[in-house]
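Good morning, colleagues. Please look at the sequence and the structure now on the screen, and I shall then take you through them.

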Amino acid sequence: MGLIRIVIILALAYLGWQLIKATLTRTGYLRGPDRSANTQSGEKMLPCARCGVHVPSSEAFQYRNLAFCCQAHQQAYLDDPGE
Ligand SMILES: [Zn+2]
């Protein structure tokens with residue numbers, strides 16, 4: 001009888017641990033920081049005035065109130081802003 005009780009307790013403990021692990025994984029606790037979420041949070045995305053691609057404000061080339069995805073697009077816009 002004692003052995004059966006130990007087996008049942010071990011089985012319940014195992015199931016309990018699986019449940020806790022599944023809950024932690026689902027809430028993201030065991031996955032670590034999410035890189036895509038980090039870039040989305042905090043940093044402002046700016047659209048390129050030339051091609052419309054959105055770039056993080058720290059990587060954008062800014063001129064007055066405009067933003068550009070690269071220096072070439074900034075130069076192209078300055079050369080021909082009417083396009
Ligand atoms: Zn661009």
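Predicted model: local features only at pLDDT ≥ 70, side-chain atom pairs only at ≥ 80, totals over all residues.

Let us begin with F68 and its contacts, where two residues are in contact if their C-beta atoms, placed from the backbone, lie within 7 Å. Setting aside neighbours within four places in sequence, F68 is in contact with C48, A49, R50, A60, F61, Y63, H73, Q74 and Y77. Residues are numbered from 1 along each chain as its sequence is written.

F68 also belongs to the largest nonpolar core, together with L46, A49, A60, A67 and C69, six residues in all. Such a core is a set of buried Ala, Val, Leu, Ile, Met, Phe, Trp, Tyr and Cys residues joined through C-beta atoms within 7 Å. A residue is buried if 20 or more other C-beta atoms lie within 10 Å of its own, exposed if 12 or fewer, and partly exposed in between. In soluble globular proteins, nonpolar side chains tend to be buried together.

One of the contacts of F68 is F61, which is found in strand 3. F61 counts as partly exposed because it has 19 C-beta neighbours inside 10 Å. Beyond four places in sequence, F61 touches F68, C70, Q71 and Q74. The C-alpha atoms of F61 and H73 are separated by 9.0 Å, with the two residues 12 apart along the chain.

Next, the loop between strand 3 (61–63) and strand 4 (66–68) holds R64. R64 has a positive phi of about 50 degrees, although it is not a glycine. Most residues other than glycine have a negative phi. R64 counts as exposed, because it has 5 C-beta neighbours inside 10 Å.

What of the whole protein? It has three helices and four strands, where helices (H or I, at least four residues) and strands (E, at least two) are DSSP runs, numbered from the N terminus. Of the 83 residues, 10% count as buried. In helix 1, the number buried is zero of 25 residues, so this helix lies largely in the open.
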